[in-house]
Amino acid sequence: MNIKRAKAEIINSIHAYLKKDAYGEYMIPPLRQRPILLMGPPGIGKTQVMEQVARECGISLVSYTITHHTRQSAVGLPFIEKKMYGGREYSVTEYTMSEIIASVYEKMEKTGIREGILFIDEINCVSETLAPMMLQFLQCKTFGNQRLPEGWLIVAAGNPPEYNKSVRDFDVVTLDRIKKIDVEENYEVWKEYAYHAEIHPAILSYLELKKENFYRIETTVDGKAFATARGWEDLSQLLKAYEALGERADREVVHQYIQHWKIAKDFAVYLELFEKYKKDYGLEHILKGQYRKDTLEKLSAAGFDERLSVVGMLMGRLSGMFRDCFLADCFVTQLYGWLRKYKESLDLKAVCEEAAGEYERFRKAEQLTKEQDHVWQKVQHVLEGYRVLTDSAHLTGEAAFQAVKQEFEKETARRQQIYDQAADALGCGFDFLEAAFGDGQEMVAFLAELNTDFYSIQYLKENDCDPYYRYNKRLLFDEQQERILKQMNEIEDELNTALKEDEQTEKPE
């Protein structure tokens with residue numbers, strides 16, 4: 001299955017494992033809470049999915065790559081303990097607490113959350129001395145004589161043998177005690193994540209043209225050549241940093257991340273063309289409705305790859321604007337919630353302290369994404385600004401609240417300005433594409449991207465856009481109808497073939 005479906009399966013399993021009955025006991029006892037084993041190619045996002053799962057389930061996450069550990073660090077060090085059995089004293093070997101188990105207890109102390117996931121990566125690549133301990137861990141939730149705390153679940157990940165020569169096969173006894181999920185790469189699913197993660201538009205545009213280069217692992221005379229989802233995401237971060245620094249990423253730099261020389265060279269060439277298209281067509285001018293007739297003529301005469309690249313370029317810029325709308329709305333909505341509390345109590349100091357305490361609780365529990373953390377910080381800053389404003393003006397009670405309300409109205413006006421800019425840009429984008437391509441495949445591709453991008457979906461849920469609804473209804477309906485007719489024709493052909501074969505069989509000799 002793809003990584004999106006695997007994530008849903010893990011979340012459902014966690015909810016089931018942590019469900020308690022009327023007596024406060026887990027409905028599925030810890031012994032029957034099978035460890036989950038994600039088995040799939042490297043670099044498809046198994047580790048990142050676990051971070052998302054932990055946040056969405058509101059539990060903690062401790063992550064380890066087991067190949068970095070020895071038997072001693074995983075199991076603990078032996079020591080001699082004196083114990084009495086049958087009235088006689090014996091020397092017994094005990095073990096210090098495993099570093100891994102200790103980190104679970106440390107996480108509980110740090111976050112205050114008693115339930116969580118212990119994620120063990122590359123579990124089928126452990127050393128020979130550690131392998132028996134890993135089997136014991138999966139079967140019994142113990143390292144040596146140290147047990148994983150109740151409420152903590154095990155998720156492990158590994159790569160199939162075709163990707164790693166050092167992997168070990170699990171025996172049937174172990175496999176019969178785990179919940180195994182086979183995961184495979186899927187570009188369409190990754191693309192949904194990529195928009196949310198703000199993957200560089202040049203990468204998205206390139207991979208839309210050459211999906212076969214999204215994930216490839218090949219054996220060559222020089223060793224393994226590969227391109228993975230992890231490589232594309234890390235390259236995206238570098239490209240954005242390079243742009244901020246005014247640097248250029250050539251094919252050698254690209255190859256440091258996309259370690260498939262042919263794909264790296266191909267993308268490096270495309271990256272140069274992508275930057276050229278931004279200058280030639282004037283991205284910012286297009287989204288302001290400022291383009292000339294010769295620009296349209298040039299684009300109409302361009303090759304299909306170039307036309308789709310321009311669509312991707314426009315979508316990349318619009319996606320950033322939709323993201324700004326989403327974050328502005330999150331900020332204003334959260335700020336409004338705190339101001340409602342202020343209206344009830346008329347105690348701004350107490351509200352600021354409560355907001356700071358809640359933010360610290362979320363931060364300490366590691367339950368915030370980077371974007372959520374930034375929104376919280378901005379809310380804290382603005383609330384403190386309101387406090388300074390009222391204190392400096394010596395305002396109290398209802399007069400202080402009215403002053404804060406006026407300042408808040410400025411924030412709502414700024415949010416509306418961000419939304420208006422996005423609406424104008426989207427309208428200009430549709431006008432430009434309509435003038436250049438009409439109802440062509442380029443418009444279909446643009447609509448498909450709008451229906452995939454997380455931030456554009458959130459924007460279009462709440463804001464009307466006549467061209468979007470008009471084209472979405474007409475073009476995507478036509479595409480779906482064409483697909484259904486094609487399927488019906490294929491079924492009809494199969495039936496006709498089957499009837500002919502039956503007739504041939506029934507003919508008398």
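A charge sits over a ring if NZ of Lys or CZ of Arg is within 6 Å of the ring centre and within 35 degrees of the ring normal. This is a predicted model, where local features need pLDDT of at least 70, side-chain atom pairs count only at pLDDT 80 or more, and totals for chains, interfaces and linings use all residues. Residues are numbered from 1 along each chain as its sequence is written, and side-chain values use heavy atoms, with hydrogens and water left out.

**Exercise 1.** Find what sits over the ring of Phe 331.

- Go to Phe 331: the charged end of Lys 378 is 4.4 Å from its ring centre.
- Now try Tyr 281: Lys 298 lies over its face, 5.1 Å from the ring centre.

**Exercise 2.** Classify the aromatic pair of Tyr 206 and Tyr 270.

- Rings of Phe, Tyr and Trp (its six-membered ring) pair if their centres lie within 6.5 Å; planes under 30 degrees apart are stacked, over 60 edge-to-face, the rest tilted.
- The structure holds 24 such pairs.
- In this one, the centres are 5.5 Å apart with 50° between the planes, so call it tilted.

**Exercise 3.** Work out which parts that pair ties together.

- Tyr 206 is in helix H8 (residues 201-209) and Tyr 270 in helix H11 (residues 261-281), so the pair ties together parts 64 residues apart in sequence. Helices here are DSSP runs (H or I, at least four residues), numbered from the N terminus.
- Check burial (under 20% relative accessible area, 1.4 Å probe, protein chains only): Tyr 206 is buried at 1%, and Tyr 270 is buried at 8%.
- Widen the view: ring pairs link Tyr 206, Trp 232, Phe 267, Tyr 270 and Phe 274 into a cluster.

Notes
Helix = DSSP H or I, 4+ residues; strand = E, 2+ residues; numbered from the N terminus. Buried < 20%, exposed > 50% of the residue type's maximum accessible area, 1.4 Å probe, protein only.
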